[in-house]
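Please examine the sequence and the structure shown below.

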Amino acid sequence: MQVEAEEAPPLDRGPGRGREPARTCIVTRVVQSPEAMIRFVMGPDGAVVPDLRARLPGRGAWVTATRDTVAAAVKRRAFSRAFRASGAQVAPDLPDRVAEGLRIDMRQALALANKAGCVVTGFGKVESAILGSESVAALIHASDASPDGRRKLAAALRRRHGDAISAIPVIDDLSNPELDMALGRDHVIHAALVAGAGTTGYLARWRRFRTFEGMASASEAGAPLGAGATAFDSHDDEMTLTRPGAPAAGRSDDGSPQGSD
């Protein structure tokens, strides 16, 4: 007896037509909050593209926001079933395209936090902010920062917070060129985020990126995505797919090779 293929979950009604409180993943069939998922739309040319801000026109299909689930959607032809279009064009590197978009989104969120006055840069200023009366909401290192600078700032965090140090996110997902691009200055190796709406938005996007890549932060393992914010915030900045240059070897905050930071 032939069993009829299970029909894909319904598409959403499109932006501006009411946001459902939950969506069903077209791969896992798990119902969850849209903030824990990624929306995909099919363009006029049949190409399926990620809609990270959930704002592109047309009806959308939703996938749990992890690399493995998006890869499974590609492999199982889940988008063709969801859009009821045998000719749906799905790029084989779609998971990589989503990851790059999330990375760009994270970089742009840091730029917005900087414009809002929520970012401190430079080793000395970061250390002073950590030890100040209000401390910091998060610590940022360039991915190519030297171990010495990381160790010294970790020691400052420990002096300031003791056993509560695990509550302060330590972020090192962006390279020195990426931090330079986001913050509009040269040789950014260490930075810190202070409390504010820009910080909340950045941390939400950072957690979304880490969740997609299946990476848990040493300081925030198991932290919720939102922490008071959703991945879809109120900013309308455009996303431009530009990739920074290759990261340099570990440099200090003044751009010199492997110093004390």
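The report begins with the chain as a whole and then turns to its charged residues.

This is a predicted model, in which local features need pLDDT of at least 70, side-chain atom pairs count only at pLDDT 80 or more, and totals for chains, interfaces and linings use all residues. Residues are numbered from 1 along each chain as its sequence is written, and side-chain values use heavy atoms, with hydrogens and water left out.

The chain has seven helices and nine strands, taken as DSSP runs (helices H or I of at least four residues, strands E of at least two) numbered from the N terminus. Of its 261 residues, 49% count as buried; buried means under 20% relative accessible area, exposed over 50%, and partly exposed in between (1.4 Å probe, protein chains only).

The count of salt bridges comes to 14, each being a side-chain nitrogen of Lys or Arg within 4 Å of a carboxyl oxygen of Asp or Glu. Three of them are listed here.

| Salt bridge | N to O distance |
|---|---|
| Arg97 and Asp93 | 2.9 Å |
| Asp148 and Arg151 | 2.7 Å |
| Asp172 and Arg150 | 3.0 Å |

Asp148 and Arg151 lie three residues apart in helix α5 (residues 147–161), so about one helical turn separates them. Asp148 is buried, at 19% relative accessible area. Asp172 is partly exposed at 31%, as is Arg150 at 23%. Salt bridges with shared partners also join Asp12, Arg39 and Asp51 into one network.
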